[in-house]
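Please keep the sequence and the model in view while reading.

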Amino acid sequence: MTISRRGLITGLGAGLTLGGCQKILETGPADLLATSLDRFTMGAQRLVTPRTALAREYTRAERSPDFRANGSRTADTAEYRQHLAEGFATWRLTVTGLVRQGQSLPLEALRQMPAHTQITRHDCVEGWSAIGEWTGTPLKLILDRAGVLPQARYVLFECADNFGETPYYESIDLIEAYHPQTIMAWRMNGAALPERHGAPLRLRVERQLGYKHAKYVKGIVLTDDLARFGGGKGGFWEDRAGYQWWAGI
Ligand SMILES: Nc1nc2c(c(=O)[nH]1)N[C@H]1C(S)=C(S)[C@@H](COP(=O)(O)O)O[C@H]1N2
Ligand SMILES: [Mo]
């Protein structure tokens, strides 16, 4: 005799249904329990869906012919000028803080890791948008290489530019950091990342507003406390102008 998979499943289903009916007849609270479990699942799903959803992606033909540069258009320090002149040959991205193994990664090491390309729309709070193609290393791969410690809650990006008096910086939480469209980009529209767009490396965190997309990133810090950095609000514009730390779009 052969028992088909379908037969097994049907049989199992019937048994469960019968069991369920009996249970409800015998004890009312089982039904109540099932309903509240459903409600719980739905609530959890509503909370989770917007965090895991992908940002819309576009076609190459939809790319903006002129992608505006905003904020710093260079990192105006002697150190940065030197790196720019050398084609960033000795430049390093450091990964420090709550990690198992601190990293000091040359651009070449990042380029040798699996890369991801995405064509997305950048939205600045100042009221302009632009569509661009970005290629880079998924932040997740960089974090995995360093080994994020369980106490870590935020990923903080230290930039090479001073905007006004203080260095630009930004931070995101770990859900945003592990999202597949969160990359450290080193190419834009098929060419090396231009100076005004954050060469040699900038964050693309596609479901967040423009100011979260830190340019000229030289350091990544894993932390459990944003209050220790800058003005304590997790980012340059958050400190200075009260912009929302959570800038989801
Ligand atoms: N290091 C650094 N990153 C930055 C800024 C900046 O001034 N310095 N400006 C932010 C703002 S407000 C926006 S809209 C985008 C602009 O990126 P783009 O110049 O590539 O258009 O970068 C963000 N990241
Ligand atoms: Mo912006």
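**Ligand shell and cysteines**

With three residues, β5 gives the most to the shell around ligand 1, strands being DSSP runs (E, at least two residues) numbered from the N terminus. This is a predicted model, in which local features need pLDDT of at least 70 and side-chain atom pairs count only at pLDDT 80 or more, while totals for chains, interfaces and linings use all residues. Residues are numbered from 1 along each chain as its sequence is written, chains are lettered from A and ligands numbered from 1 in the order in which they are written, and side-chain values use heavy atoms, with hydrogens and water left out.

**Shell of ligand 1**

- Ligand 1 is surrounded by 22 residues (a heavy atom within 4 Å), the closest being Arg 68, Ser 72, Asp 161, His 197 and Lys 215.
- At least two residues of this shell come from each of β3 (116-124) and β5 (154-163).
- By residue class, the shell around ligand 1 holds 10 nonpolar, seven polar and five charged residues.

**Atom pairs and cover**

- A side-chain N or O atom of Lys 215 is 2.6 Å from an oxygen atom of ligand 1, and a polar backbone atom of Asn 70 is 2.8 Å from an oxygen atom of ligand 1.
- A nitrogen atom of ligand 1 lies 3.0 Å from a backbone N or O atom of His 213.
- Of the 530 Å² of accessible area that ligand 1 has on its own, the protein covers 99% (Shrake-Rupley method, 1.4 Å probe).

**Cysteines**

- The whole structure contains zero disulfides (pairs of cysteine sulfur atoms within 2.5 Å).
- Cys 124 is buried, with a relative accessible area of 12%, and Cys 159 is buried at 4% (buried means under 20%, with a 1.4 Å probe and protein chains only).

Key:
Buried means under 20% relative accessible area, exposed over 50%, partly exposed in between (1.4 Å probe, protein chains only). A polar contact is a pair of N or O atoms within 3.5 Å; within protein, one must be able to donate a hydrogen and the other to accept it, and residues adjacent in sequence count only if both atoms are side-chain atoms. Helices (H or I, at least four residues) and strands (E, at least two) are DSSP runs, numbered from the N terminus. Ala, Val, Leu, Ile, Met, Phe, Trp, Tyr, Cys and Pro count as nonpolar, Asp, Glu, Lys and Arg as charged, and the others, Gly among them, as polar.
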